[in-house]
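Here are a few notes to read alongside the model.

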Amino acid sequence: MLRKGKRTSFFKPSPSDCAARPATGSEPFADTLMEERIASVEPLIKKWAADSSSTSRYTGAAFLFHEGRHEAALYLSHVKDLHSAMLCCTGEVSNSGVIVRAHELLQTAVRRLSLEFHQILSSHLPYPDHAESFSSQSSRYSTLSSFSDFEYELEGKLSTKKSAAEPVMQEEERVPNAAVSDIKTIADCMIACGYGKECMDIYKIVRRSVVDEELYHLGFERPIDSWQMQKMDWKVLEAKVKGWLSAVKPAVQTLFYVERMLCDRVFTTAPASVGESVFSHVARDAAVALFGFAEGAAKAIKRSPERIFCLLDIYEAVANLRLDIEFTFSSDATSTVRSHAFNLLTKLGEAVPVMLGNFEAAIQKDSSKQSAVPSGGIHPLTRDVMNYLALLADYGGVLRDILADWPVDSSQKYPGFPYSYFPGCDPATSITAGDGDASVKFARFAQLALVLQCKLDVKAKRYKDVALSYLFLANNLQYVVNKVAQSNLKHLLGEHWVANHESMVKLYADNYERTGWSKVFASSSGLSVEISLGRAKESLRRFDAALEEVQAKQAGWAVTDQKLRDDIALSLAEEFVPAHRRLYDGCPRGDPVVKFTPDDLDNYLAGMLRATGGGSATVSEAAS
């Protein structure tokens, strides 16, 4: 029920509205003017008088703005004419009954306009990105033929009000222009007639309800208390966060943006603060709830390293929407939304380095039962750490922003760094030295890789055989290098880092050859000169014995990377196969001292150190 009494308006009647009134201001003329004005507008207004049955439901009801554009425009013109006459004749009409009739007729008209306003706001402004969510409204929408052929377009004039950083509405993200034009003309009429508050109240209630419903269809439910999230099972919380992640982008870029645009278009003739206030009432609480959920979830997520990806997903989603948020919620009335969103980024930016620090501590404290791999192969810790870092590297853009404020301490000591293998090498250099900007911004990745390397060195020292410890380090560092080269880590650490660590792999492999094959090298040394047949036989016997000893000792050892294994085999072959061939060629065929041909030796070297689970083939097996 519209209340009676004095109305306030943002508009004043034009002087031309009363131009027909004589300068004498005679009361009889004012009475006549009002009577004539009432008589001219009353038939159409009463024709569309809203009764209780038509306001109870929309289905099957007749609506002015559905029946024809001309009659709707005429109706609005009649209402404005009536109100203008009332303003002009106030205080000059001698018959108070005329004023009462005019006032009642105006209220009848406003009730109809309110009903039309409510109906159009509720039924004809779907969001194109998820129009299926309006299936409940599609049936009644399809019956309204005059709205079936609306042309969708974005008001071009709106672009002049936006900054260069403003998000651009895509082709499919448009609002029904005819429907917006209708509600705008209704709003202008109601405001001009002094019913601006009623107009805005209807708008707020309807659009606020639409926003809540749309968020629900997007998969976001109003958040539960933060203390409940603290107690929530991780799988349940993770599922809710995934739902939030799928909802936040369309909510900000389509739902809230369209509501902001709609307010701007409907209330353009009112002061700017009016549209801002209305939009704030429509969207602020929903937006605060949206970002409030993320704040609560971020607080509830434990700071264990494996949960970092959930926080990074939230950070990335909000950071990518920063410009959209700044534009859509730019007014003072919606400043709380900006505060919630950007405070969330700050809190997440503080949590991520803490979790990375926890991950580093977990590497250093690793005390897995499998302290060393019997074959010298890849340690589970190496796989776990590098898989984790490779996943982190997919968030390079996000981490660039976060880690910029958390530089690595280059003076930090690294217990366990293999100084004995790399004399004079400063571990801090491997963190900060790299390909320019990347090495500085992503030094934390190099630091974590270095911590892993130090831990692997500690595990390598638990091998009783020095050669196997070098093979273990070569294997694991080669895995690290491969993982970097095959993931986004290569972009973060840079080519310089990769080249340095490939050199370290080569050094580990050389040390394995030097310590693991020393007796074979010794037995083949000095064989490049001419020697007697007897000495050749003795040398061949010693060479074969040393080779069999190495084979027995290294049975089950493995190099998992094919290229590294081939490089080692080639290096060994180049070292002593030519010498063995000279001894072999110097002995008579069929001599019992000759056990293996040069081809047998080549085959053995090519097949050794294979991770088959059954150990490497012996030289005898290679010969057979």
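**Notes on the predicted model**

1. The protein has 26 helices and zero strands, taken as DSSP runs (H or I, at least four residues, for helices; E, at least two, for strands) and numbered from the N terminus. This is a predicted model, where local features need pLDDT of at least 70, side-chain atom pairs count only at pLDDT 80 or more, and totals for chains, interfaces and linings use all residues. Residues are numbered from 1 along each chain as its sequence is written, and side-chain values use heavy atoms, leaving out hydrogens and water.

2. Of the 624 residues, 50% are buried (under 20% relative accessible area, 1.4 Å probe, protein chains only). Among contacts (heavy atoms within 4.5 Å) with a separation of 6 or more, 81% join residues 24 or more positions apart.

3. Do look at helix α14 (residues 335–364) and helix α16 (residues 396–403): they pack at about 100°, with axes 9 Å apart. The two are therefore roughly perpendicular (65 to 115 degrees). G349, V352, P353 and L356 of α14 meet L399, I402 and L403 of α16. By class, that contact has six nonpolar residues, one polar and no charged ones (Gly counts as polar; Val, Leu, Ile and Pro are among the nonpolar).

4. In helix α25 (residues 598–607), P598, D600, L601, Y604 and L605 are buried. These residues lie on the same side of α25 because they cover an arc of only 155° around the axis, judged by the directions from the helix axis to the C-beta atoms. Just after α25, L609 has a positive phi of about 60°.

Notes:
Axes fitted to C-alpha atoms, helices over the stretch in contact; angles between N-to-C directions. Parallel < 35°, antiparallel > 145°, perpendicular 65-115°, else oblique.
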